[in-house]
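Student: Please take one residue of this chain and give me a close look at its surroundings. Start with the chain as a whole, then zoom in.

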Amino acid sequence: MKKFLLILTVAACAACGRNDLSDITVVPFPNDVEVLAGDFNAAGAAFHYSAEMDQQSVNLVEAFAAKLSLVTSKESEVAEGTGETGFVFAVNAELPEEAYTLSVDRKCARVEASSLRGFNYAIQTIKQMLPVEIYAKTPASADWTIPCVKINDAPRFGYRGLHLDESRHFFGMEEVKRYLDIMEVHKLNTLHWHLTDDQGWRIEIKKYPELTSVGSKRSGTCVKKDFKSTDGVPYGEGMWYTQDQVREIIAYAAAKGIDVIPEIDLPGHMLAALTAYPELGCTGGPYEVRTKWGIADEALCAGKETTYEFLQNVLSEVCDLFPGEYIHIGGDEAVKKDWEVCVNYQKRMQEEGMEHKNELQGYLVRRIETFLRERGRTVIGWDEIVETGLPEQAVVMSWRGTPGGIKASAEGHDVIMSPNS
C-alpha cells in the first residue's frame with residue numbers, strides 16, 4: 001500500500017508542474033522526503049566538516065569531494081569548519097547511529113549524522129541524486145545539480161546483509177572489494193563471508209597450514225543443476241586468502257561502515273578440513289574435497305576431544321582476524337551418518353547421558369558458543385541449531401523458510417531472516 005500511495009503522490013505533484021518525488025531517484029527510498037523549489041549546484045562546491053567528526057568520516061567526505069572534482073572538472077576544496085554555502089557535514093549526537101538528515105537549498109547542502117554510517121548513507125543519497133551524466137563521456141558539460149530537499153532517513157532493519165560463498169566459487173580480493181562497493185551504494189551494512197565448506201577451505205589458519213594447501217583444492221566442479229556431475233577440471237590451487245588479505249578486506253569494509261562476519265561451518269560441511277586432517281573424522285578417512293554440490297554424509301567427530309581442540313584453535317585465529325561481535329558457525333545439514341558407528345560418539349553420548357545424536361550436536365554447539373562468548377563474541381547459526389538446544393545468547397539465521405526464525409524469536413533470540421523460499 002505504501003508504494004501505491006507513493007505513486008499517487010508523484011503523479012499529483014507532476015501535474016502541478018513543480019519539483020516532485022520523481023526527482024529523488026534514491027534506492028532504498030528515504031523515510032521522509034520534502035521536495036522544495038530550486039536546485040543546488042554541486043560542481044565546484046566547497047566542503048566543510050565539523051571538528052567533532054571522526055577521521056574515517058572525514059575520509060569519506062574527502063573521497064567524495066575528490067571524485068566530484070574529477071568528474072565535474074571543477075575543484076571542490078575541503079576544510080574543517082562550519083559554513084553556510086557548499087556542502088556542510090556536521091555531527092548531531094542525538095541521531096541514531098545509522099540515521100542522517102539532508103537539508104538542501106540553493107546555496108547549501110547540509111548533512112547531519114552521529115557516525116560514519118550516517119554520513120556515508122547521506123553521501124550515497126547525494127550521489128544517487130546527481131545526474132546520470134556522471135557516466136557520459138563528457139561529464140564536465142553536465143548539469144551537476146540536485147533538487148532542494150529535506151530528507152530524514154534511517155534504516156528499518158539493523159542487519160542488512162549480503163552473503164558471499166567463496167568455498168564453491170573463489171572470487172579474489174578485487175572482486176570482494178567490488179562487492180563491498182555495491183553494498184555501500186545500497187546502504188547494506190553486513191557482509192556474511194562464507195569461507196569454508198565441503199568444496200574448499202579459503203582462509204589461512206597458521207596452526208593448520210594443510211587446511212589451505214590441501215583443503216582448498218578439488219579435482220572438479222559441479223557444472224549441472226543435477227548436483228551430481230563434475231567437469232573433472234582441477235580447481236582451487238592458490239585460491240584462498242592469507243591473513244593479511246583478510247585484514248585488508250576487513251579494513252576496506254570498515255571504511256565504508258560494513259561489518260564482515262565470517263562463517264566457519266561446523267560440524268557438517270567440513271569435508272575440506274577432513275581431507276586435510278582425516279583424524280578429525282569418525283572413520284579416519286580417506287576423504288576428498290567435495291566436487292559436487294548437495295549435502296555430504298561426513299562430519300567432524302563430536303566424540304573426540306581433539307575435534308574441540310581443533311575448532312577452538314581455528315576460531316581463536318578467526319577471532320584475532322575479525323574484530324566484530326559475530327562469528328557464524330553454521331550448524332546446518334550435519335548428516336552425522338558416521339557418528340552412529342563411531343565408538344568415540346557412543347562413549348561421549350554415554351558420558352553425557354544423551355540418547356539422540358542431535359543432543360550431541362547441541363553439546364558441540366554449546367561448547368563452541370561458550371568458548372566464543374568468553375572471548376566477547378556472539379554466535380550465529382543456521383536455524384537447524386534451534387532443533388539441537390539453543391544457547392541463550394545465540395543468534396539464529398533462518399534459511400529454511402520462516403518457522404525456525406519465528407520459533408527462535410518467540411524464545412527471545414535475535415533472528416536474521418534469510419528464507420530460501
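Tutor: Buried residues make up 52% of the 421 residues in the chain; buried means under 20% relative accessible area, with a 1.4 Å probe and protein chains only. This is a predicted model, where local features need pLDDT of at least 70, side-chain atom pairs count only at pLDDT 80 or more, and totals for chains, interfaces and linings use all residues. Residues are numbered from 1 along each chain as its sequence is written, and side-chain values use heavy atoms, leaving out hydrogens and water.

The chain holds eleven helices and 16 strands. These are DSSP runs numbered from the N terminus: helices are H or I with at least four residues, strands E with at least two. The C-alpha atoms fill a box of roughly 75 × 45 × 45 Å along the principal axes. Of the contacts in the chain (heavy atoms within 4.5 Å) with a separation of 6 or more, 65% join residues 24 or more positions apart.

Now zoom in on Thr196. This residue sits in strand S10, residues 196-197. Thr196 counts as buried because its relative accessibility is 0%. Leave out residues up to four places away in sequence, and Thr196 touches Ser167, Trp201, Ile203, Glu263, Ile264 and Asp265. Asp265 also takes part in a polar contact: its backbone nitrogen lies 3.4 Å from the side chain of Thr196. Such a contact is a pair of N or O atoms within 3.5 Å; within protein, one must be able to donate a hydrogen and the other to accept it, and residues adjacent in sequence count only if both atoms are side-chain atoms.

Definitions and conventions: Buried < 20%, exposed > 50% of the residue type's maximum accessible area, 1.4 Å probe, protein only.
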